[in-house]
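This briefing goes through a structure topic by topic. Each term is given with its cut-offs where it comes up.

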Amino acid sequence: MAYNQPQPHPRFSVLSSSSLSSLEHLSPVGSSTRFSLPSAPSISTTSAPKPGQRPNIYDRNLNKTRAAEVSASAFAFLFSELVQYTHKRVNGINDLERRLNTLGYRVGMRVLELMSWRAEGSTKAPKREIRFLPALMNIHTHVWRAVFGRPADAIEKSVQNADEYMIIDNDPPITRHISVPRDMSSLSCSSFTAGIVEAVLDGLGFPARVTAHNTPTGQYPGRTTILIKLEQSVLDREEAMKP
Amino acid sequence: MAIHGLWVINKAGGLVYQRNFGDGLPHLTSNEYLVLAGTLHGIHAITSRLSPTGSSSGAQEICGETFKMTILLTATGTKFVLLTSLAEPNAGSVLQKVYEAYADAVMKNPFHTPEMPIRSEGFDTRITALIGSG
C-alpha cells in the first residue's frame with residue numbers, strides 16, 4: 001500500500017526536483033522509506049516528490065486564483081523596473097510606447113484565454129462576442145475587473161471618426177505613482193494597458209490599433225484615454241451583420 | 001504650531017529635496033542648503049556613534065530656542081528632516097507620512113534615479129496635500 005500513495009506530479013522531472021532547497025533534502029520526511037539513507041541525502045533527489053510540497057505552477061487549479069489579489073506596491077515596483085528597463089533600450093517616446101504596448105499584448109493574450117476559460121469553460125454552450133459593441137463593453141467591465149479589480153470609468157465613441165472608440169480610466173492603478181518628466185510629457189505608460197486591450201480585441205477577431213493618451217482634468221490628474229482605431233475590415237463586417 | 005521646512009538627505013549626505021513652508025525661515029541659496037545638509041549628516045553620524053549603551057539610531061530631535069528639527073532615519077540611510085516650531089506635537093507622525101509619500105511617489109517612479117535630487121511632480125503634490133503649500 002505504501003506505493004499506492006497518490007502521486008500528484010507524474011510530470012515532475014528529476015531536473016526540477018534537484019532544484020529544491022537543500023533544507024528539504026535533509027528533512028527526515030523527505031527521504032522515502034525505501035531509501036532510508038540519511039547519511040547520503042543526495043540520493044533522495046531521485047526519489048518521488050514529497051507529499052505536502054507546493055504543486056507545480058502548471059498543475060495548479062486556474063480557478064483557485066480567481067479572487068486572489070496582488071500587492072499593488074509590489075506590482076508598482078515591478079512595473080517601474082519594467083519601464084526603466086524598456087526606457088534604457090529605446091530611442092524616443094514612440095519607441096518606448098510601442099515596446100510597452102508589446103509587453104501588454106503578451107499579458108492581454110493570456111488574460112483573454114484565462115477569462116474565456118473561466119467564464120465559458122464549464123458551460124454546455126460556450127459563446128463568444130462577435131459584435132463589436134458587446135465586446136467593447138466586455139473589455140470595459142470584465143477585462144478591467146480581472147486586471148485592475150474594478151471597471152473602467154467610461155466608453156466613448158469618436159464624433160469625427162467612425163472607426164475610433166475610447167475607454168477612459170480616471171485613475172489607472174498602474175500609473176498612479178508615475179510622474180513623467182516634463183521633457184517627455186506626451187508619454188503615457190498606460191500604453192501597457194493599450195497593449196492588453198489590443199490583444200483582447202485581436203483575440204476576439206477585431207483587429208485594431210490601440211494607443212494610450214493622457215487626458216488630465218482638474219479633478220483627475222491621471223485620467224487616461226485608451227484610443228481604439230479599428231481596421232476597416234471590422235467596420236465592413238459590422239455593417240454586413242446589421243440586422 | 002507651524003511647519004517651516006522639509007529636507008530629504010540621501011545616504012551620502014547630499015540634499016535631494018528641500019522645501020520651505022510659509023515665510024518662517026530665512027532665505028538661503030541652494031548651495032548654503034547643501035552645506036547645511038552635509039553638516040547635519042556629519043552631526044548625525046557623530047551622534048549615532050556616541051551612544052553609551054550599544055548601537056544608536058543617532059539624533060532624533062535637535063532643539064533651538066525658537067525651533068526644532070526632527071530627524072527620521074530610514075533603514076536605507078535616507079534621512080527626512082522636518083523644521084518646525086517648538087510646540088509642534090505631530091512632527092514624528094508627519095515625517096512618517098512623508099516617508100510613505102516618498103516610498104510611493106519617488107521610489108515607485110521609474111523616472112527617478114536613486115540618490116539623485118527628487119523632481120517628481122507626484123511627490124510635490126503629496127507633500128502639498130500633507131503639509132500645505134509653501
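Of the 134 residues in chain B, 41% are buried (under 20% relative accessible area; over 50% is exposed and in between is partly exposed, with a 1.4 Å probe and protein chains only). This is a predicted model, in which local features need pLDDT of at least 70, side-chain atom pairs count only at pLDDT 80 or more, and totals for chains, interfaces and linings use all residues. Residues are numbered from 1 along each chain as its sequence is written, chains are lettered from A and ligands numbered from 1 in the order in which they are written, and side-chain values use heavy atoms, with hydrogens and water left out.

**Chain B: overall make-up**

- Chain B has three helices and five strands, taken as DSSP runs (helices are H or I with at least four residues, strands are E with at least two, numbered from the N terminus).
- The order of these elements along the sequence of chain B is β-β-α-β-β-β-α-α.
- Among the contacts in chain B with a separation of 6 or more, 50% are between residues 24 or more positions apart, where contact means heavy atoms within 4.5 Å.

**Aromatic pairs**

- Rings of Phe, Tyr and Trp (its six-membered ring) are paired if their centres lie within 6.5 Å; planes under 30 degrees apart are stacked, over 60 edge-to-face, and the rest tilted.
- Over all chains, the count by this rule is ten aromatic pairs.
- Tyr17(B) and Phe123(B) are an edge-to-face pair, because their ring centres are 4.8 Å apart and their planes stand at 75°.
- This pair links distant parts of the chain, with Tyr17(B) in strand S2 (residues 15-20) of chain B and Phe123(B) in helix H3 (residues 121-131) of chain B, 106 residues apart.
- Tyr17(B) is buried at a relative accessible area of 6%, and Phe123(B) is buried at 0% relative accessibility.
- Phe80(B) and Tyr99(B) make a tilted pair, with 5.5 Å from centre to centre and 45° between the planes.
- Phe80(B) belongs to strand S5 (residues 79-85) of chain B and Tyr99(B) to helix H2 (residues 91-107) of chain B, so this pair ties together parts that are 19 residues apart in sequence.
- Phe80(B) is buried, with 0% relative accessibility, whereas Tyr99(B) is partly exposed at 30%.
- Tyr17(B), Phe80(B), Tyr99(B), Tyr102(B) and Phe123(B) are linked by ring pairs into a cluster.

**Charge over a ring**

- In chain A, Arg89(A) lies over the face of Tyr85(A), 3.7 Å from the ring centre.
- The rule for this is that NZ of Lys or CZ of Arg is within 6 Å of the ring centre and within 35 degrees of the ring normal.

**Second largest pocket**

- Pockets and cavities are found on a 1 Å grid over the protein atoms alone: a cavity is a set of points where a 1.4 Å probe fits but cannot get out, a pocket is an open set with protein on both sides within 12 Å along at least five of seven lines, and lining residues have an atom within 4 Å of a point.
- The second largest pocket holds about 810 Å³ of space, a volume being the space filled by probe spheres set on the points, which are joined across faces, edges and corners.
- This pocket is lined by 29 residues, of which Thr175(A), Arg176(A), Ile178(A), Pro221(A) and Gly222(A) are the closest to its centre.
- H3(B) gives the most to the lining of the second largest pocket, with five residues.
- The lining of the second largest pocket has eleven nonpolar, twelve polar and six charged residues (Ala, Val, Leu, Ile, Met, Phe, Trp, Tyr, Cys and Pro are nonpolar; Asp, Glu, Lys and Arg are charged; the others, Gly among them, are polar).
- Thr175(A) is in the loop between strand S2 (164-169) and helix H6 (191-204) of chain A, and is buried at 15% relative accessibility.
- Apart from neighbours within four places in sequence, Thr175(A) is in contact with Cys189(A) and Ser190(A).

**Cavities**

- The whole structure has two cavities of 30 Å³ or more.
- The largest cavity has about 40 Å³ of space.
- Its lining consists of Trp144(A), Asp169(A), Pro172(A), Ser190(A), Thr193(A), Thr224(A) and Ile226(A).

**Single residues**

- Arg110(A) is in helix H4 (residues 93-120) of chain A and is partly exposed, with a relative accessible area of 48%.
- Glu115(B), in the loop between H2 and H3 of chain B, has a positive phi near 70°.
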